[in-house]
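Please read them with the coordinates open.

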Amino acid sequence: IVAKVVPDSSMGETIPDTYKCLINQLVHHPTSCCSAAEIMSVLFFHTMRYKVQDPRNASNDRFVLSKGHAAPILYSVWAEAGFLQEAELLNLRKIDSVLEGHPVPRQAFTDVATGSLGQGLGAACGMAYTGKFFDRASYRVYCLLGDGELSEGSVWEAMAFAGFYKLDNLVAIFDVNRLGQSDPAPLQHHVEIYQKRCEAFGWHAIIVDGHSVEELCKAFGQAKHQPTAIIAKTFKGKGISGVEDKESWHGKPLPKNMAEQVIQEIDDKIQNKKKLSPALPEEDAPVVNIRNIKMPSPPTYKVGEKWATRKAYGVALAKLGHANDRVIALDGDTKNSTFSELFKKEHPNRYIECYIAEQNMVSIAVGCATRDRTVAFASTFATFFTRAFDQIRMAAISESNINLCGSHCGVSIGEDGPSQMGLEDLCMFRAVPNATVFYPSDAVATEKAVEIAANTKGICFIRTSRPENPVIYNNNEDFHIGQAKLVLKSKDDQVTVIGAGVTLHEALAAAEQLRKEKIFIRVIDPFTIKPLDKKTILENARATKGRIITVEDHYHEGGIGEAVCAAVVGEPGITVSRLAVSHVPRSGKSAELLKMFGIDKDAIVQAVKVAVSKSRNAE
């Protein structure tokens with residue numbers, strides 16, 4: 001698509017109209033682009049205030065294309081504005097072009113990756129919340145959604161959030177073009193139903209003809225003390241003869257002969273090719289520095305004191321909040337369990353209650369963290385992040401720097417039962433590209449993990465536990481990503497045992513019991529499960545005749561055991577025995593469940609004895 005400029009006499013000015021555009025056979029999703037052409041033209045050349053050559057300027061208005069498959073129209077407006085060369089548009093989707101099939105942050109004008117539908121508005125809410133409450137700046141946030149994605153529950157989580165917090169700097173535009181990918185959207189053109197739904201969620205909702213430049217300009221000009229939803233009735237494929245409002249054209253490029261005809265028809269309508277420039281923003285966003293955030297003081301724990309790592313997380317986060325006023329916390333109505341309430345108590349204006357909407361909470365965190373405006377920590381039970389995995393996956397594609405803390409991991413939480421037990425979380429986060437997975441085993445390690453996460457690029461996950469366990473590290477202990485701790489060692493060690501969290505403490509208890517029988521084991525605390533300290537594990541495995549036992553409060557699949565196996569694969573003379581939760585658990589006391597699933601000290605003792613006896617028999 002190459003954007004052109006046509007006059008709109010009713011507005012007394014020219015508006016670039018990217019629906020009246022040149023379309024060639026290379027274009028994907030032309031019909032989805034055409035339905036949004038006037039919307040995009042009015043937004044980018046009438047309504048929004050931004051610096052064209054500085055797309056990520058902190059004071060610029062923000063735009064999120066939630067219907068990411070319409071990426072070509074986003075690229076065309078940036079070409080029309082002058083940031084992209086028009087010739088570059090012809091490289092759409094090519095492997096050596098930045099113009100990918102859906103928006104990604106490799107493009108300077110894209111804050112968050114979209115394309116997995118239903119997520120753009122949540123990120124836009126995070127940006128708007130940041131603008132209103134943290135930056136206290138005048139920039140506004142605009143989000144364009146397709147009507148198909150309005151079936152996603154995550155959209156309505158975001159709608160509820162924006163309505164509750166009265167984000168009057170946020171505008172959502174519904175491109176109601178009636179047609180989905182394979183069928184009409186459920187409400188088709190019943191725009192009045194969309195309006196009632198938006199109003200029920202606390203939004204000011206306006207119905208417009210989405211192809212009327214005049215109506216759009218007027219609608220964008222309305223300011224209310226609540227978020228605004230512009231419900232634009234549009235037609236998919238608008239302006240393309242034989243395709244407009246017809247099914248079975250979603251995502252399809254036009255055949256060459258049809259494209260040439262349509263190009264000519266549209267070209268004939270262009271009357272004015274005047275270049276327009278958007279209005280400049282008011283530069284009132286504060287200068288922010290979130291680099292090299294350090295705790296104001298060392299930890300103050302005593303070795304042997306019992307602390308739950310979930311509580312140590314809350315203490316650490318509240319402390320970190322004093323180091324930098326851009327550290328923020330989010331939670332999903334579990335703050336009295338995750339202990340993020342400690343942060344809220346000390347920094348109430350930097351805490352965001354997201355309520356029981358974990359998908360939206362992750363999207364809000366991603367939005368808050370865009371353009372390096374905040375350092376976001378979001379917490380809930382580890383198991384509830386599973387429902388937000390798509391948001392986490394897209395956060396990684398968005399190159400987002402968010403920190404997620406999952407508490408109540410494993411069967412060790414006890415009586416609440418399997419619905420509350422995080423048993424898949426390590427597997428999930430290990431699969432996320434460029435993620436760092438922390439699994440601190442005591443309060444000191446937890447505080448260090450929080451500090452390190454605040455300064456680490458990519459997705460960081462901190463896994464915390466419910467039971468109270470003794471502090472084992474001194475307050476001056478140094479921790480690093482990818483560096484394990486050798487917690488117990490002697491020259492007579494026969495097996496290396498690797499545990500984390502509650503199972504590290506079970507391993508230490510097992511070592512004490514085995515010592516009485518003159519069997520000595522080496523105990524390793526990995527600190528980070530991703531990246532894993534392969535060097536330390538191999539060195540100590542070789543020192544204990546190649547024997548490794550892993551023990552974890554997690555399912556076998558994707559956890560510590562598999563991470564260790566992946567690290568030592570192909571290494572001669574190494575054997576790994578894995579102790580983990582083998583099936584869906586049940587309610588019970590923590591100690592009972594650790595015993596039932598064979599991950600307590602007694603199970604470790606038995607596994608060590610089996611490993612030693614096997615070796616002796618082999619000899």
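1. Ala 308 is buried, with a relative accessible area of 6%; buried means under 20% relative accessible area, exposed over 50%, and partly exposed in between, with a 1.4 Å probe and protein chains only. Ala 308 belongs to strand E8, residues 306-308. Helices (H or I, at least four residues) and strands (E, at least two) are DSSP runs, numbered from the N terminus. Ala 308 and Ser 465 are separated by 157 residues in sequence, but their C-alpha atoms are 6.3 Å apart in space. With neighbours within four places in sequence left aside, Ala 308 is in contact with Ser 465, Arg 466, Pro 467 and Glu 468, where contact means heavy atoms within 4.5 Å.

2. A word on the basis of these values. This is a predicted model, in which local features need pLDDT of at least 70 and side-chain atom pairs count only at pLDDT 80 or more, while totals for chains, interfaces and linings use all residues. Residues are numbered from 1 along each chain as its sequence is written, and side-chain values use heavy atoms, with hydrogens and water left out.

3. The UniProt record (unreviewed entry) places the feature "domain: Transketolase-like pyrimidine-binding" at residues 307-471. UniProt positions are given in the numbering used here, feature names are shortened, and annotations may be inferred rather than shown by experiment. Over residues 307-471 the chain is 38% helix and 19% strand. The end C-alpha atoms of residues 307-471 are 7 Å apart.

4. How do helices H9 and H15 cross? The axes of H9 (residues 309-321) and H15 (residues 443-454) come within 8 Å and cross at roughly 45°. Axes are lines fitted to C-alpha atoms, for helices over the stretch in contact, and angles run from 0 to 180 degrees between N-to-C directions. H9 and H15 are therefore oblique to each other; angles under 35 degrees count as roughly parallel, over 145 as roughly antiparallel, 65 to 115 as roughly perpendicular and the rest as oblique. The crossing of H9 and H15 is right-handed. A crossing is right-handed if the near helix is turned clockwise from the far one by less than a right angle, and left-handed if anticlockwise.

5. On the H9 side, Thr 309, Ala 312, Tyr 313, Ala 316, Leu 317, Lys 319 and Leu 320 meet Ala 443, Thr 446, Glu 447, Val 450, Glu 451 and Ala 454 of H15. The residues of this contact of H9 with H15 divide into eight nonpolar, two polar and three charged. Here Ala, Val, Leu, Ile, Met, Phe, Trp, Tyr, Cys and Pro count as nonpolar, Asp, Glu, Lys and Arg as charged, and the others, Gly among them, as polar. An α-helix has 3.6 residues a turn, so residues three or four places apart point the same way.

6. Helix H2 (residues 37-47) is mostly covered, with ten of its eleven residues buried. Among them are Ile 39, Met 40, Val 42, Leu 43, Phe 44 and Phe 45, and Glu 38 is also buried. The axes of H2 and helix H7 (residues 213-220) come within 10 Å and cross at roughly 50°. H2 and H7 are therefore oblique to each other, and their crossing is right-handed. Glu 38, Ile 39, Val 42, Leu 43, His 46 and Thr 47 in H2 meet Val 213, Leu 216, Cys 217 and Phe 220 in H7. By class, the contact of H2 with H7 has seven nonpolar, two polar and one charged residues.

7. Two non-glycine residues with positive phi deserve a check. Phi of Phe 527 is near 65°, and Phe 527 sits in the loop between strand E18 (521-525) and strand E19. Phi of Lys 545 is near 60°, and Lys 545 sits in the loop between H17 and strand E20 (547-555). Are these residues buried or exposed? Phe 527 is buried, with a relative accessible area of 0%, whereas Lys 545 is exposed, at 57%.

8. A cis peptide bond joins Lys 530 and Pro 531, with omega about -5°. Pro 531 lies in the loop between strand E19 (528-530) and helix H17 (534-543).
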